[in-house]
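Hi,

Here is the structure I promised to pass on. Have a look at it first, and then read my notes below.

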Amino acid sequence: MVDINGIHHTIKFTSECSTDQVTFLDTTVYKGERFQQRGVFDIKTYIKPTNKQLYVHATSYHPPGTGKGIVIGEALRYLRTNSDEMNFHQSIAKHKQILKGRGYNTSVTNRLLELITFDERQTTLVPRPSGPKGANPPLTFVTTYNDAVPQVKRVIHDL
């Protein structure tokens with residue numbers, strides 16, 4: 001660790017050793033109750049201690065869907081990264097507190113969060129197909145700009 005931490009003065013690496021859990025990105029994999037009963041690992045959301053969770057303030061000049069996306073998007077992340085219902089509800093409770101501190105309307109937040117239930121967890125873990133069924137991928141044209149050919153858009157459009 002000394003060698004790797006000497007590479008740059010503002011980047012510091014840490015390491016932890018454990019026989020019960022490991023953290024990777026935003027998830028902690030651990031030996032919970034399911035491991036004791038069936039040998040299945042549990043997961044829970046990991047948030048770095050340095051993460052200030054400074055979401056866009058509710059009064060910020062953003063499109064109306066931005067706030068809704070923050071509320072629901074984070075809730076879905078908590079749903080996917082918590083295999084235990086109690087951990088999910090704890091994450092949602094913290095999320096509500098943070099949103100309230102950022103000026104989000106509590107009743108609107110609660111109404112949106114009621115749409116995300118732990119019972120739906122399995123369906124959120126299944127990948128959804130992208131785009132309409134049977135749709136062809138979009139046709140793209142990539143070229144390097146050349147001012148000697150200013151009419152490329154018109155020529156392609158007329159095809």
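Ile7 counts as exposed, because its relative accessibility is 68% and the cut-off for exposed is over 50%. Please keep in mind that this is a predicted model. You will find Ile7 in the loop that links helix H1 (2-5) to strand S1 (21-24).

Next, some backbone angles. Leu25 is not a glycine, yet has a positive phi of about 55°. Leu25 sits in the loop between S1 and strand S2 (27-30), and with a relative accessibility of 68% it counts as exposed.

Gln53 has a positive phi too, of about 50°, and is not a glycine either. Is Gln53 buried or exposed? At 14% relative accessibility, Gln53 counts as buried, because buried means under 20%. Its place is in the loop between strand S3 (42-45) and helix H3 (64-80).

That brings me to the helices. H3 packs with helix H4 (residues 85-101) at an angle of about 160°, and their axes are 9 Å apart. Angles over 145 degrees count as roughly antiparallel, so H3 and H4 are roughly antiparallel to each other. As for handedness, H3 and H4 make a right-handed crossing.

Best wishes

Technical notes:
Residues numbered from 1 in each chain as written. Predicted model: local features only at pLDDT ≥ 70, side-chain atom pairs only at ≥ 80, totals over all residues. Heavy atoms only, no water. Helix = DSSP H or I, 4+ residues; strand = E, 2+ residues; numbered from the N terminus. Buried < 20%, exposed > 50% of the residue type's maximum accessible area, 1.4 Å probe, protein only. Axes fitted to C-alpha atoms, helices over the stretch in contact; angles between N-to-C directions. Parallel < 35°, antiparallel > 145°, perpendicular 65-115°, else oblique. Left-handed = near helix turned anticlockwise from the far one by under 90°.
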